[in-house]
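Visitor: I would like to learn how helix packing and a pocket lining can be read from a model. Could you take me through the structure that follows?

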Amino acid sequence: GRSAVVFSGFMGAPESARQVGFLERQTSQFSIGRPLAQERGMRWATYSAVCLAVISIGLALGVTLPLVSLRLESWGYGSFAIGVMAATPAVGVLLGASITGRLAAHFGTTRLMQACLLAGALSVGLLAVLQSYPVWLILRLLIGVALTMVFILGESWINQLVVDAWRGRLVALYGTGYALSQLCGPLLLSAIGIEGDQGFWLSVLLLLGGVWLLLGRTGAPQVDADSASGKGLLAFCGQLPAIAWAVMLFAAFESMTLTLLPIYGLQQGFDQRHALLIVSVVVVGDAALQLPLGVLADHMSRRLLFAGCGLVLLVASLAIPPLLHGAAIWPVLILFGASAGGLFTLALILIGERFRDDQLVRANAHVAQLWGIGCLLGPLLTGAASQWLSGHALPLLMALGAAAFIVLVWRYPPFADSAAA
């Protein structure tokens, strides 16, 4: 992540809300309950620390993902091989999502997040030391497992802490920070260059900084190993198909933006500097417009805003190929990034207003599983289509995904049944 993919200690929901959550857990594996009562307050220092710890991952990935792709391209690998490398962490995402609940219940949320950040730092450091395609595949798999658990627990922690009246703004603020971190990643990479391994070592330091930020923090979600195990993905998708598709679509977008979009720029005739600039402008759009979207989400129908983001993404994706070499491409790229990022931000907002504690962690585990599927399929399909079908496969496949999302959100609006009840 995205994302995203952002604190005060959880003050505890009123007893009636706890009883509702208990009854829901007894009646279904994954149930949609009425909105829970708001918490009385927040610990802003903890909120900020957890946000920054997760955002440090975004900055580290913003540096390493383009660096790996450009390094492979300089070694002579084609789009499909680069797409396979980009998709490898997605397998780790699926593995990480399946074990997060059990490990968090055993070790505790904070300790597990710190351990995963340390493991991610070690794996990134080994990318600089062991520069081999097969070895990188293994290391990227380990990175996917470790950082997925940080995302699941960190975003659950964030969503539980914020009060609902401010949920849109505070979740969007996290999304903005995460997107800005990814923006700074390619900019830092273009500044320090791809010839050496400085980018890898900078990422190691960022992940170690995330470990330090979490020292002594409390108020994380209480996790039950069984109910937060990640089981029930199909039931989740069946009840919330629009949210499920939005997560997969944004996951594909984010993984392709940092790995295949620079290659797309090079293949369309741009030099390396301008190819990285295209990536940066897309991420600027993602970052700059998330907070306004969050404010809107607190003052208008979140489901209507959800559908609007899909429509803008469809139009922007279709506009990229004909406008790519003109001045009009820059605002189109901003809208491209903003609308894709808005899908994920609003999905988190809609989930966060409904669930708490182990249900919230379980929902975010399903989000991570869907993220892994999107990260796996997006680069693979786009890399193959770019090499063998069309040089514009990336924006055209995003347009196809946006069209499918519009159909889903129109026919199956998220939480429509529970809102009516």
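Visitor: Is the crossing of α9 and α14 left-handed or right-handed?

Guide: Please keep in mind throughout that this is a predicted model. The crossing of α9 with α14 is left-handed.

Visitor: What describes two packed helices?

Guide: In general, a packed pair of helices is described by the angle between the two axes together with the distance that separates those axes. Here, α9 and α14 pack with their axes 9 Å apart and at an angle of about 140°, which makes α9 oblique to α14, since only angles over 145 degrees count as roughly antiparallel.

Visitor: Which residues of α9 and α14 make the contact?

Guide: From α9 the contact takes Ile 243, Ala 246, Val 247, Leu 249, Phe 250 and Phe 253, while α14 contributes, among others, Phe 336, Gly 337, Ala 340, Gly 341 and Phe 344. By class, the residues of this contact between α9 and α14 divide into 13 nonpolar, two polar and no charged.

Visitor: At what angle do α9 and α16 pack?

Guide: The angle between α9 and α16 is about 165°, and their axes lie 9 Å apart, which makes α9 roughly antiparallel to α16. The crossing of α9 and α16 is left-handed. Their contact is made by residues including Trp 245, Ala 246, Leu 249 and Phe 253 of α9, and Met 398, Gly 401, Ala 402 and Phe 405 of α16, and its residues comprise 14 nonpolar, one polar and no charged.

Visitor: How do the axes of α12 and α14 cross, and which residues make the contact?

Guide: The axes of α12, which spans residues 290–297, and α14, which spans residues 329–352, come within 10 Å and cross at roughly 40°, which makes α12 oblique to α14. In this case α12 passes α14 in a right-handed crossing. On the α12 side the contact is made by Gln 290, Leu 293 and Ala 297, and on the α14 side by Ala 338, Gly 341, Gly 342, Thr 345, Leu 346 and Ile 349. Sorted by class, the contact of α12 with α14 holds five nonpolar, four polar and no charged residues.

Visitor: How many residues of the lining are nonpolar, polar and charged?

Guide: The lining of the largest pocket has eleven nonpolar, four polar and no charged residues.

Conventions: Residues numbered from 1 in each chain as written. Predicted model: local features only at pLDDT ≥ 70, side-chain atom pairs only at ≥ 80, totals over all residues. Heavy atoms only, no water. Axes fitted to C-alpha atoms, helices over the stretch in contact; angles between N-to-C directions. Helix = DSSP H or I, 4+ residues; strand = E, 2+ residues; numbered from the N terminus. Parallel < 35°, antiparallel > 145°, perpendicular 65-115°, else oblique. Left-handed = near helix turned anticlockwise from the far one by under 90°. Contact = heavy atoms within 4.5 Å. Nonpolar A, V, L, I, M, F, W, Y, C, P; charged D, E, K, R; others polar.
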